Amino acid sequence: MAMASFSLNPLHQQTFCPKFHRLSRNSAISPSRLRLCALRFSSTIRASSALPFQSDLNTQQSQTLDADPFACPVCYEPLIRKGPPGFNLSAIYSSGFKCKNCNKTYSSKDNYLDLTVTAGMKVYTEARPVGTELFRSPVVSFLYERGWRQIFSQGGFPGPDEEFKMAQEYFKPVQGGLLIDVSCGSGLFSRKFAKSGTYSKVIASDFSENMLRQCYDFIKQDNTIPNTNLALVRADVSRLPFPSGSVDAVHAGAALHCWPSPSNAIAEISRVLRSGGVFVGTTFLRYSESSPWVERVVRESLMGTYSYLIKEEVEELCTSCGLTNYQCQVQQTFIMFSAEKP
């Protein structure tokens, strides 16, 4: 808050100290009366400014809590919303969003909000790596929680329930805030975060339309999931549709190895995290210290499709993107890692 400066000229003396007449150059006044005048002046300023400032602060806090967390993926400006109020599946699905800077509009379809750069395009189709397109398949999306995810245990993944507990430990400093589950797949962990009741808002985000459809179906089948703090958003992890420094927690379960550019993705995650925000992710390592040479050769051969990293590379990616307080737990080729935005 900027402080106003006041010059001690006769006009100010008459305005703020009316009991004292205009002083001549040779006039004298006792120190005690000068202190009394100063105290009255200070009290007048505090009384006139404290209430409006407090009111403005409360208004800003209320606007922050009520504001939509979405931003344009082109310019990152906050989006203007037209539709019913509230942060829930039906309200967001029924709303339209527009960027006043780019004049680009975004809308919902199939029960998720599409906030990708290519949203609404009818002619241009962007080519994606094989690994990305695989998870857009309706067959793979259907099978992900119906057998595919269970195979992860062979690589050391402890299972969704245990992974969720581990992630919650890392997220303790930011519980109560906004959580984005990027590359959420069919929403396996998004639903757990929403049901936990420990976050003000949970956004399940994925690039795959079919994964988000599966997520919606699972939500509708589970009446224990609250409908007041959850949204489904199609987004590119390398171009996240959220304002800079606006997110408290980002989760990415079994996702990093599927990203076309892990460095771009983690840089984006770092951008949207607020100071003190926490990023927690899991992935398959390229190999562990105990991996046999045959497994190492096979995983090296898959590097063109998936970004399997070694433990040291994961840490370096996080720190090079400005994240600190890096921690990790490794079991075979499974790694869960956490880092914070300073």
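A pocket is an open set of grid points with protein on both sides within 12 Å along at least five of seven lines. The model examined here is predicted.

**Exercise 1.** Characterise the largest pocket: what is its volume, and which residues lie nearest its centre?

*Solution.* 
1. The volume of the largest pocket is about 890 Å³.
2. Its lining comprises 46 residues, and those nearest the centre are Phe135, Ala254, His257, Cys258 and Tyr306.
3. Sorted by class, the lining contains 24 nonpolar, 15 polar and 7 charged residues.
4. At least two lining residues come from each of α4 (130-134), α5 (138-148), α7 (188-196), β7 (201-206) and α10 (293-301). The largest share, 3 residues, is supplied by α10.

**Exercise 2.** Determine the strand order of the open sheet of 9 strands and identify its edge strands.

*Solution.* 
1. The order is β4-β5-β8-β7-β6-β9-β10-β12-β11, and the pairing is mixed.
2. The edges are β4 (108-109) and β11 (324-331), each of which pairs on one side only.
3. Helix α6 (residues 160-170) packs on this sheet, where it touches β9 (247-252), β10 (273-284), β11 and β12 (334-340). The direction of α6 makes about 20° with that of β12.

**Exercise 3.** In which sense do β6 and β7 pair, and which strands does helix α8 lie across?

*Solution.* 
1. Strand β6 (residues 178-181) pairs with β7 in the parallel sense, over 4 bridges.
2. Opposite aspartate 181 stands alanine 204, in β7.
3. Helix α8 (residues 209-221) lies across β5 (112-114), β7 and β8 (230-234), and runs at about 165° to β8.

Conventions
Residues numbered from 1 in each chain as written. Predicted model: local features only at pLDDT ≥ 70, side-chain atom pairs only at ≥ 80, totals over all residues. Heavy atoms only, no water. 1 Å grid on protein atoms, 1.4 Å probe; cavity = no way out; pocket = protein on both sides within 12 Å on 5 of 7 lines; lining within 4 Å. Points joined across faces, edges and corners; volume = space filled by probe spheres on them. Nonpolar A, V, L, I, M, F, W, Y, C, P; charged D, E, K, R; others polar. Pairing = 2+ DSSP bridges. Contact = heavy atoms within 4.5 Å. Axes fitted to C-alpha atoms, helices over the stretch in contact; angles between N-to-C directions.
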